[in-house]
Amino acid sequence: MYVAGQGVTGVASMAKLKAGRLARQVPDACLQFWGGMGYMWENRVGRAYRDARLSSIGGGADEIMLGIISKYMGIAPRKE
Ligand SMILES: Cc1cc2nc3c(=O)[nH]c(=O)nc-3n(C[C@H](O)[C@H](O)[C@H](O)COP(=O)(O)OP(=O)(O)OC[C@H]3O[C@@H](n4cnc5c(N)ncnc54)[C@H](O)[C@@H]3O)c2cc1C
């Protein structure tokens, strides 16, 4: 879409929101599977659990993505 000259802000925001949520969900499920070992600092699952958490905050938090998406969809609350 970008190469074709189309606007991508809406779909890019959707992709970032989804990626951020998945990056929280997947390590969380892995940590649960590993149990206490997954929680240990030196375990890669525990590291992924903490590190991936940033993706829903950095570069525009999930709530900001939701705001952008709702504006692009024309459903953002507006002041009368
Ligand atoms: C490890 C790390 C590396 C970083 N690297 C960089 C970097 O290289 N370059 C850079 O520029 N920045 C960097 N940052 C900063 C990062 O971009 C900010 O943390 C991010 O933009 C969120 O801002 P904030 O931390 O001030 O949180 P806030 O903006 O205070 O957000 C806190 C909470 O309030 C919510 N919120 C904020 N505004 C609204 C709103 N209008 N509506 C609804 N909810 C809202 C957020 O969604 C979030 O849940 C880094 C941060 C970390 C932790």
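Guide: A definition comes first: helices (H or I, at least four residues) and strands (E, at least two) are DSSP runs, numbered from the N terminus. The model is predicted, so local features need pLDDT of at least 70 and side-chain atom pairs count only at pLDDT 80 or more, whereas totals for chains, interfaces and linings use all residues. Residues are numbered from 1 along each chain as its sequence is written, and side-chain values use heavy atoms, with hydrogens and water left out.

Visitor: In which helix are arginine 47 and aspartate 51 about one helical turn apart?
Guide: Arginine 47 and aspartate 51 form a salt bridge (a side-chain nitrogen of Lys or Arg within 4 Å of a carboxyl oxygen of Asp or Glu), with 2.8 Å between the closest N and O atoms. Because they are 4 residues apart, about one helical turn separates them, and the helix is H3 (residues 44-51).

Visitor: How many salt bridges does the structure hold?
Guide: Aspartate 62 meets arginine 21 at 3.9 Å, N to O, and meets arginine 24 at 3.2 Å, N to O. A further salt bridge joins arginine 47 and aspartate 51. The total in the structure is 3.

Visitor: What is the relative accessible area of aspartate 62?
Guide: Arginine 21 is partly exposed at 42%, and arginine 24 is partly exposed at 33%. Aspartate 62 is buried, because its relative accessible area is 4%.

Visitor: How far apart in space are methionine 65 and alanine 12?
Guide: Methionine 65 is found in helix H4 and is buried, with a relative accessible area of 6%. Methionine 65 and alanine 12 are 53 residues apart in sequence, and their C-alpha to C-alpha distance is 9.1 Å.

Visitor: Which residue places a polar side-chain atom 2.5 Å from an oxygen atom of the ligand?
Guide: The ligand is surrounded by Leu54, Ile57, Gly58, Gly59, Ala61, Glu63 and Ile64, where a residue is near if one of its heavy atoms lies within 4 Å. The protein buries 24% of the 960 Å² that the ligand exposes when taken alone, with areas from the Shrake-Rupley method and a 1.4 Å probe, only the protein chains shown counting as cover for residues. The polar side-chain atom at 2.5 Å belongs to glutamate 63.

Technical notes: Polar contact = N/O pair within 3.5 Å; in protein donor to acceptor, adjacent residues only side chain to side chain. Buried < 20%, exposed > 50% of the residue type's maximum accessible area, 1.4 Å probe, protein only.
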